[in-house]
Structure formats: C-alpha cells, structure tokens
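Keep the view open as you read.

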Amino acid sequence: MTSTATLQTVLDELTARPGTGEKISVINPVTEEQIVEFTDCGAQAVDEAVARAKASFEAGVWSELPGRARAKIMWKIADLIDEHADEIAHLDSLNTGMPLMQATLGLPNCAEFFRYYAGWCTKISGNAYDVKTAGIATDTWVDMHTYTLKEPYGVVGLIFPWNGPIFNACAKLAPALAAGCSMVVKPAEETPLSAILLNRLIHEAGVPEGVVNLLTGYGHTAGAAITAHPDVEKVAFTGSTEIGKEIVRASAGNLKKVMLELGGKSPVLIYDDADLQKAIFMASMGIFVHSGQGCVCGSRVFVQRGVYDEVLEGISNMANFVKLGGPDEEGCMSGPLISQKQLTRVMGYIDEGKSEGAEVVTGGHRLDRKGYFVHPTVLTNVNRDMRLYQEEIFGPVVTVLPFDDDDEAVAMANDTTYGLAATAWTNDLSRAHRLGKRLQAGTVTINCQLVFDHAVPFGGYRQSGWGHEFGQEGIDAYLKTKSVWAQL
C-alpha cells in the first residue's frame, strides 16, 4: 500500500468514527490548511470503550494469556511497525510538520518498545519469604510462608501528546500490554493520524478485541472523561504540567493511580574545559530540533564566563544556520510549531521578555511565510523573575547566561519548579560526577544530550511528573503488588 493510499484510508477511518461532540479540524502546520475534520467522540464513547476494556480484562482474553503468548503477539506488532515504517513516518511528518528524516529515524525505537517489553512478559514475578511472626495474644512464634504477586492494574487510560505521536503511543502501549492490562487510549486531537494506523496494526497482530480501545477527541472532553471514569484504575499521561495537575484532581473520585510525564525547563551547563565545538552543536540542536517542542529540550544554557562570548556566538550562529521548512523541502532541519495556538504562546513569551529588557541576539520573530514557523531565538540579559526564564515555552527559544563557579552554576540550574533533565559539558571527570548528584533532575546527561535507551528509566523531579517510564520501572508502573500469607 502506498503512502498516499494509506493516508486516504486513515482519513476515511478517522472521519467515519462515531461521535457526539464538536467537529475537530486537523491542521497541517506547514500550510495552515485543513487535513481532515472529525467528530469528538464524546463521553458516551468513553463509557462504551471503558466497558469493553473492563469486559475484556475480566474475561482474561489478554491478561490471562501466558506471558510467552503475549510476547509473541507483541513481537508481531513490532514487525508490523517495521513493515509500515514508511507510512507511519509520512503520517507523523504530515501531521506535525517535522522533517521526514526525523520521523523516519524514530520508527525503529517505536518497534523496539514492543520487542523490549515482550521480553518482560515472561519475567513478571513476585518474591517468596519464609518468616516467623508472633501469634496474636501469645508469645509463640508462628511459621509463615509468604509471597507477592504482580498483577495488572486492569483498565488503564493512556493519553498521548502531539509532539511525538507514534513514539509516545508505543512508549505507553508496550508496557501496558506486557503487563496484561486492558486500555483506552487517546492521542492528542492535533495528531490522531498515526494512532489510527497503529491501532489497526495492533489488532492485525492478534491483540483481542476490547483490549485496546482507541478514542479520538479533545482533552477537555474525551481526556477528562477518561481521567474521571470510576472503572479506570490508572492513567498514564504525557503533556503539560498544567493538564497534569487537572488529571490529579480528576483522579480523586476513585483514587486512581496516576503516572505523569510533564514539562521541563532543562538547564545545560557548559564549562571552559568542555569540547566547545561539540557542546555548542548539541546545545543548539537540543533546543532548536523539532522547533523546541520536546520536554527535555535544553532551554536554559549557562556558560562559564571565560568562554561565554564564544559559546553565545556559536549558538547564535547555529540558530541562523538551522533551515526551517516543511517535510518535503530540501535541506529542511526543523519544522514549524504545531498550531496557531502554540505560535501565539511562543511569540507571547518572546514579546513579553523583550518588553521587560531581555536582549534578542538573534531570532525573536515569525518567518515571513505560510506555516507556524518561529526563527530559532537566542536571548540574553534575562533575569529569574521573567516568565520566559521560569516557564516552559515549548518553542525554539533559549536563554544563555554566564556563571563563574560550580556553586553558582548549580544554583542557577536548580532554580526552577521543574526537574526533568539537565546536562553538563566538562572534561573534569570528578566535577562531572559531582554535578550528576547535585543537579536536581530525573535525567542528567554528561557530555551528551538527547540520549535514550529502552532499558533506562525516565521520569521527572518536582513538577516534571510522577513515576517512571522505560526499563523495568516502565512495566512495574502497570502492575499492582499483592502479598499472600499462608500459615504452615
């Protein structure tokens, strides 16, 4: 099937999905034109999807399959993702505006999520203990054999963001399936296209009906209904800290467990002994790639004073070197922002910063062309009271400030309500490991940025989230622990 044929099939399926809510337009962020229009699924569709998921879980059609049987199907999902990688990449590239190469390079990681967690299907186990415990109202000791069971949560809600549609979908679906859960899943309303195809591949691979239930709609309608539903035992969400707080409030009804991967304001520390050429390149790519629409993007760069001018010039040159454009434009290195709403938000932060005295070294403006493009922007003369310094912008905007010593650098880096990622560039090995401990973030990278592996846990400190994805922690997040006691 060609990419064109796949696209039309996906659009037809999306528009044919039943709904009772408003019409939602999916906009191409490069052309500002409508790709497709679909109907918000509405609360009733959420109720029906949760009921299907609950019925499938209670029937054990997936949760009670032997681990090796689940693993075999998950490997098939991975194979189908590889087989349809070109089509999926084109869908995400069209939907988000990201360069086709960027979308394509991410697909092997998506397939690998299912292979990695397929390996865990046969390794879900508890622990056994032989203990002596005091009897009730007696001084005698009683022999006990105890053990723990790891059991899937049941019905879980998975809510994906728009900045990496297929990657984030696979990152949540794979461990939830490996654990034996049934689920309702909702992609962002801006980017539903690849989720339609992925849903088809999951069922083609052999996941029983009712186990994975796709919902398409707004966050404040379908997403809110999922998070408040009494039969949903856990919600896993990736998105903004503001929405994460709303999910926490909505979860109070049945005290459902919540896993949140939220925003960041990640610091990058560059010392005078660093490999400056590499540090400048990676610090630039770490904020300008995907137009800064990444939770771990290094939006605050702190540079030791002796090399400050050199690094500032280097990052500014990179900002002017990065070619923005649509997926089919030659030499395109980064795409547009996702929407007019996000464009307005990003420009609002820049304009407010300028009015408060921030200096624009380069950028700070929208490109004079169709599409939601903002020129990569470098700012200095920024103080900690400015919103653009404290809040996540989610755009290609970086502040570059000097520091003198370790204590000042760490204090500046940790001066945030977030704590998702942090980076240090230095060739002093002792300093690097000290910084690894002192920087308050869930992920600290040393002399590298934008690194990832399926086996390494990922999560945030402070207002960057609750819980961890990836690795063993990723599957543990979808399992409950039960203790069983037997008197001998």
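Q: Which element gives the largest share of the lining of the second largest pocket?
A: This is a predicted model. Its second largest pocket holds about 1,200 Å³ of space. The elements that give two or more residues to the lining are β1 (23–28), α9 (219–228), β8 (234–238), α10 (241–250) and α13 (340–355). The largest share is six residues, and it comes from α10.

Q: How many residues of the lining of the second largest pocket are charged?
A: The pocket is lined by 43 residues, and the closest to its centre include Glu190 and Lys341. Charged residues count Asp, Glu, Lys and Arg. The lining has 19 nonpolar and 15 polar residues, and its charged residues number nine.

Q: Why is strand β15 largely enclosed by the rest of the structure?
A: Ala421, Thr423 and Trp425 point one way from β15, while Ala422 and Ala424 point the other way. Buried means under 20% relative accessible area. Strand β15 (residues 421–425) is largely enclosed because, of its five residues, the number buried is five.

Q: Which residue of β15 is the bridge partner of Ile270?
A: Strand β10 (residues 267–270) pairs with β15 in the parallel sense, over three bridges. In β15, the partner of Ile270 is Trp425.

Technical notes:
Residues numbered from 1 in each chain as written. Predicted model: local features only at pLDDT ≥ 70, side-chain atom pairs only at ≥ 80, totals over all residues. Heavy atoms only, no water. 1 Å grid on protein atoms, 1.4 Å probe; cavity = no way out; pocket = protein on both sides within 12 Å on 5 of 7 lines; lining within 4 Å. Points joined across faces, edges and corners; volume = space filled by probe spheres on them. Helix = DSSP H or I, 4+ residues; strand = E, 2+ residues; numbered from the N terminus. Buried < 20%, exposed > 50% of the residue type's maximum accessible area, 1.4 Å probe, protein only. Pairing = 2+ DSSP bridges.
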